[in-house]
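Please look over the sequence and the model before reading on.

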Amino acid sequence: MPKITFVKPDGSRLEVDAPVGLSVLEVAHCHHLDLEGACEGSMACSTCHVIVDPAWFGKLEESTEEEEDMLDLTFGLTDTSRLGCQIRITEELDGLVVSLPDAHHNMLAG
Ligand code: FES
């Protein structure tokens, strides 16, 4: 099974099993990580904002226009920001590293 690593706002890292087909948001929830995902993947919030490791960003499927629009409203947007609910785990993403922004900031933006 692929594994992905979450980097928490305090800099600590957590490597977890990431079943193929789940979203990064769902994997984070399985491990009780602090990633809200208020709209449960319908791209109506930005509380699932994650920052993808630059080495991995180009390997993800491209974001849709809807995702880009939502990201534009996200606090703390970076060049490698994505919505966690829109990244689907595949075998190719084994080793993916994503950082979780400060949850409080995500909430302010949402
Ligand atoms: S959970 Fe709302 S946009 Fe991802």
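The structure is a predicted model, and residues are numbered from 1 along the chain.

**Strands**

Strand S1 spans residues 3–7 and strand S2 spans residues 13–17. These two strands pair in the antiparallel sense, with 5 bridges between them. One of the pairings is that of Val7, whose bridge partner in S2 is Arg13. Together S1 and S2 make a hairpin, and 5 residues lie between them. Within the turn, Gly11 has a positive phi of about 95 degrees.

S1 also pairs with strand S5, to which 3 bridges join it. The strands S1 and S5 run parallel, in contrast to the antiparallel sense of S1 and S2. S1 is mostly covered, since 4 of its 5 residues are buried. As background, side chains in a regular strand alternate between the two faces of the sheet.

**Salt bridges**

How many salt bridges does a search of the whole structure find? The search finds 3, and they are set out below.

| Salt bridge | N to O distance | Separation in sequence |
|---|---|---|
| Lys3 and Asp17 | 2.7 Å | 14 residues |
| Arg88 and Glu26 | 3.4 Å | 62 residues |

The side chains of Lys3 and Asp17 meet in a salt bridge. Lys3 belongs to strand S1 and Asp17 to strand S2, so this pair ties together parts that are 14 residues apart in sequence. Lys3 counts as partly exposed because its relative accessibility is 33%. Asp17 is likewise partly exposed, with a relative accessible area of 36%.

Arg88 forms a salt bridge with Glu26. Arg88 lies in the loop between S4 and strand S5 (97–99), while Glu26 lies in helix H1 (residues 24–30), so the pair ties together parts that are 62 residues apart in sequence. Arg88 is partly exposed, its relative accessible area being 44%. Glu26 also counts as partly exposed, at 35% relative accessibility.

**Surface charge**

A patch of negative charge on the surface gathers Glu62, Glu65, Glu66, Glu68, Asp69 and Asp72. Among them, Glu65 lies in helix H3. Why does Glu65 count as exposed? The relative accessible area of Glu65 is 64%, and exposed means over 50%, so Glu65 is exposed.

**A loop residue**

Asp79 is found in the loop that lies between helix H3 (65–72) and strand S4 (81–83). Asp79 counts as exposed because its relative accessibility is 76%. Although Asp79 and Ile51 are 28 residues apart along the chain, a distance of 8.4 Å separates their C-alpha atoms.

How values were computed. Predicted model: local features only at pLDDT ≥ 70, side-chain atom pairs only at ≥ 80, totals over all residues. Heavy atoms only, no water. Pairing = 2+ DSSP bridges. Buried < 20%, exposed > 50% of the residue type's maximum accessible area, 1.4 Å probe, protein only. Patch = residues over 30% accessible without salt bridge, like charges linked within 9 Å, V, L, I, M, F, W, Y side chains within 5 Å. Areas by Shrake-Rupley, 256 points an atom, 1.4 Å probe, with all protein chains shown as cover. Salt bridge = Lys/Arg side-chain N within 4 Å of Asp/Glu carboxyl O. Lys, Arg positive; Asp, Glu negative; His and termini not counted. Charge placed at Lys NZ, Arg CZ, Asp CG, Glu CD.
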